[in-house]
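Welcome! Please take a look at the structure below, and then we can walk through it together.

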Amino acid sequence: MAGIGISLNKIFGKNTLSSSLYGFAYSAAVTISPMFLIIGNIMLMQYVLGFSKTGYILRELFSCTILYIFIFALLCAAPFNAVLSRYLSDTIFEERYEDIMPCYYLGLLLNLIPSVILGVLFCLHEYYVGGVALYYVCTGFLGFISLVIVFYSMLYLSICKDYKKISWYYLLGMAAAFLLSLVFVWVFSMEVTYSMLLALTIGFFLTGCMEYAKIRGYFQKNSNRYRLVFIYFGRYWELIFTNFFYTLGLYVHNFVFWTTDMKMVVADSFVCAQPYDMASCLAMFTNISATIIFIARVEMHFSDRYRKYSEAVIGGRGSDIELAKKRMFTQLDTELMNLVRIQFCISVVIFLICVIFLPGLGFSGLTMRIYPCLAAGYFILFLMYAEILFLYYYNDLNGALITSIIFCGVTFLVSMAAREFPDYWYGVGVVAGSFAGFTSAYGRLRWVKKHLDTHIFCRGTLLKKGTGKKPSGKVYDVYGTLRRQKRTAAKKKV
């Protein structure tokens, strides 16, 4: 999210209550507004179209279809987008703008290949085994592919720092989806749940088209140099697995509880555990503000210290470098502690609100018994993700990879064991996995601080890499120099 720091500094620089509220709202708009626009649109369509009056099977089929579309769209995109983001950042820094469209087309192909394969296999099972109507299956598949394209294209607009356009395109797409759902139901008398699914699919597709048009407007030249992108996948392979294991860790505990007695099977294809999934959703929303706080504070404070350290390394004195490094890591520790303190206060308030008011809205029983433990786990999880981003700052890809593997692995293993625990401990897998990942990432940050000079000043090479005969390791020959000096002195005498 590099780039919003300037805007936030201008907003918060006024030091007024209204500017602080506006700054928080601006941070939310550029980070999590797309997710809330989609969720809000679905809830609005359900309310206006009388979703609750439709058949139970149709409601659950729609809910599971939307759930699977979102989860597996994120999982299919996870292995590639982190590397592509790194390539884009380097390409823009080097001003090779003609190399961006080859990256877009190749990255889109890489995202679509696993998405299409998995989607087709699942849709075949849904149609032949589940007996779902072909038109419904095809619409769900198109919605899945459209959302993959939307998530993927967001990457390029984020790199271009066009966050407002992202939110604007989501708003237009979801507004179109809402209006179309009304037309489908009220004008064409179509079934409510299918009308909502079809409208959302069209909305996702329109959003993806607008994003693609904007990207094409930014980058009109195409160098057709696709090989450079493949080189990055070999060079930064750690990013592939880091992002995948982190994303998998977000959902692996849900997958585990999909195998318990809580599971519900829809159309012999979709599996979910509604009480646990709903508790996970509530826990995530309880702590989602951590993303906003982290983006705002890092862009406003830490990025400036990091930039000053980089400038000192390029042309500063040794004392300047040490001072800049000390200030940078002091700021890092400060931002982590501030994130913990601020998010803890926010999470406690939201938790109390949920516990008091949600039972009156129908959220009770098993969901509310699972929720507290998951809320604590997601609190630690977002702190861990902040540390992973700090590791990216220092190019410690191994540390980030180790953290994501530990997080995913511990979450899976402890969740497997937690199936036998009392229901209020079902979320302990997220707590254990997030804490293990947080501890690993914090240890790597301490290691980076201790070895930063080695990382910065001892990774270069004096000789250009190439193929051929290895040059001699001899740098200076004392005896050879003495013999040359004697021969030179003898010639002068003659």
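## Overall picture

In the protein chain, 80% of the contacts (heavy atoms within 4.5 Å) between residues at least 6 apart in sequence join residues at least 24 apart. This is a predicted model, where local features need pLDDT of at least 70, side-chain atom pairs count only at pLDDT 80 or more, and totals for chains, interfaces and linings use all residues. Residues are numbered from 1 along each chain as its sequence is written, and side-chain values use heavy atoms, with hydrogens and water left out.

The protein chain holds 17 helices and two strands; these are DSSP runs, numbered from the N terminus, with helices (H or I) of at least four residues and strands (E) of at least two. Of its 494 residues, 47% are buried, where buried means under 20% relative accessible area, exposed over 50%, and partly exposed in between (1.4 Å probe, protein chains only).

## Helix 16

Helix 16 covers residues 428-457, and its 30 residues should span 44 Å at 1.5 Å a residue, which agrees with the 43 Å between its end C-alpha atoms. That expected span is 1.5 Å times one less than the number of residues.

At H451, helix 16 bends by about 65°, the angle between axes fitted to the seven residues ending there and the seven starting there. Buried residues of helix 16 include V428, G433, R444 and L452.

## A closer look at L134

L134 sits in helix 6 (residues 134-159). Its relative accessibility is 46%, so L134 counts as partly exposed.
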